[in-house]
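Visitor: I am new to this structure. Could you walk me through it?
Guide: Gladly. Let us look at it together.

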Amino acid sequence: MSGYGQFCAVARALQVLGERWTLLVVRELLLGASTFTDIRRGIPRIPRATLSARLRGLRAAGIVESADGEYRLTESGAALFPVMRELALWAAVADRASLSEDDLDTAALTWDIRRRVDTAALPERIVVLAIEFTDRAEHDRNFWLHLSRTGVDLCRDDTGAPVDLWLTAPTMALTRWWLGDLSWGRLLRHPEVHVHGDRTLQRQLPLWFRRYVFAPEAPIRG
């Protein structure tokens, strides 16, 4: 028997959503991913074969539908958003789900930052923001965001475009800011966090990001 053999609605929900990675695939679709590649960029550690299997399972359950190589949530799948929010809020206050070094992934963090840019708040010209994670090895250390009102690109290699702003920070500190644990001002007071470049753009920078979608609604500290 593959299920739990219980009438409980929680058990029946877990039969559909309880496998490892499944809810994270749903999360990516809730946040706008529509292709296999984009889903995987949001979950960089998921094996390709596992992602394919999870998508098949979600389609069979009526949570996801696909056409022309793209995926989208059905009405039933979209209804999971408040479930995701409550899980995130629980993790934000539960000691057993506190953020640890094992949870830090610069690729996943920068991809989430990229998709939460408020393009209407950007300057009229293209701005290049270089992010350096000071505590990471070379492969996971440097990222470049090319920001414009018509779109946002995240690059893992230097394209040679002039950089307007440089942000250097430890991964934990930048992640905590993104999650809403730290204000921008408190982040900048961290001794290992530095912002360099155009001073006008430095003042505007925190206004360009809508922050983590599941951040607690209570005011952030600092």
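Visitor: How much space lies in the largest pocket?
Guide: A pocket here is an open set of points on a 1 Å grid over the protein atoms alone, where a 1.4 Å probe fits, with protein on both sides within 12 Å along at least five of seven lines. Points are joined across faces, edges and corners, and a volume is the space filled by probe spheres set on them. By that count, the space in the largest pocket is about 1500 Å³.

Visitor: What kind of model is this, and how are residues numbered?
Guide: This is a predicted model, in which local features need pLDDT of at least 70, side-chain atom pairs count only at pLDDT 80 or more, and totals for chains, interfaces and linings use all residues. Side-chain values use heavy atoms, without hydrogens and water, and residues are numbered along each chain as its sequence is written, from 1.

Visitor: Which residues lie nearest the centre of the largest pocket?
Guide: Lining residues have an atom within 4 Å of a point. The largest pocket has 42 of them. By type they divide into 26 nonpolar, 4 polar and 12 charged; Asp, Glu, Lys and Arg count as charged, Ala, Val, Leu, Ile, Met, Phe, Trp, Tyr, Cys and Pro as nonpolar, and the others, Gly among them, as polar. Nearest the centre are Leu24, Arg27, Asp103, Leu179 and Tyr212.

Visitor: Which helix gives the largest share of that lining?
Guide: Helices are DSSP runs (H or I, at least four residues), as are strands (E, at least two), numbered from the N terminus. H2 (22-30), H6 (81-93), H7 (106-115) and H8 (171-179) each supply at least two lining residues. The largest share, 7 residues, comes from H6.

Visitor: Where does the largest pocket lie relative to the domains?
Guide: The domain bounds come from an automatic or database assignment. It gives domain 1 (9-94) and domain 2 (101-207). Their contact (heavy atoms within 4.5 Å) takes 7 residues from domain 1 and 9 residues from domain 2. Both domains give residues to the pocket lining, so the pocket lies between them.

Visitor: How far apart are the centres of the two domains?
Guide: The centres are taken over C-alpha atoms. The separation of domain 1 and domain 2 is 26 Å.

Visitor: Which UniProt annotation covers residues 8-99?
Guide: Over this stretch the chain is 60% helix and 9% strand. Its end C-alpha atoms are 31 Å apart. The annotation comes from an unreviewed UniProt entry and reads "domain: HTH hxlR-type".

Visitor: Is Asp38 buried, exposed or partly exposed?
Guide: Asp38 is found in helix H3. Leaving aside neighbours within four places in sequence, Asp38 is in contact with Glu28, Ala33 and Trp111. Its relative accessibility is 26%, so Asp38 counts as partly exposed.

Visitor: What is the phi of Trp21?
Guide: Trp21 lies in the loop between H1 (9-17) and H2. At 15% relative accessibility, Trp21 counts as buried. Its phi is positive, in a residue other than glycine, and near 80°.

Visitor: What is the phi of Arg211?
Guide: Arg211 is found in the segment after H10 (199-204). Arg211 counts as buried, at 17% relative accessibility. Although Arg211 is not a glycine, its phi is positive, at about 70°.

Conventions
UniProt positions renumbered as here; feature names shortened; annotations may be inferred. Buried < 20%, exposed > 50% of the residue type's maximum accessible area, 1.4 Å probe, protein only.
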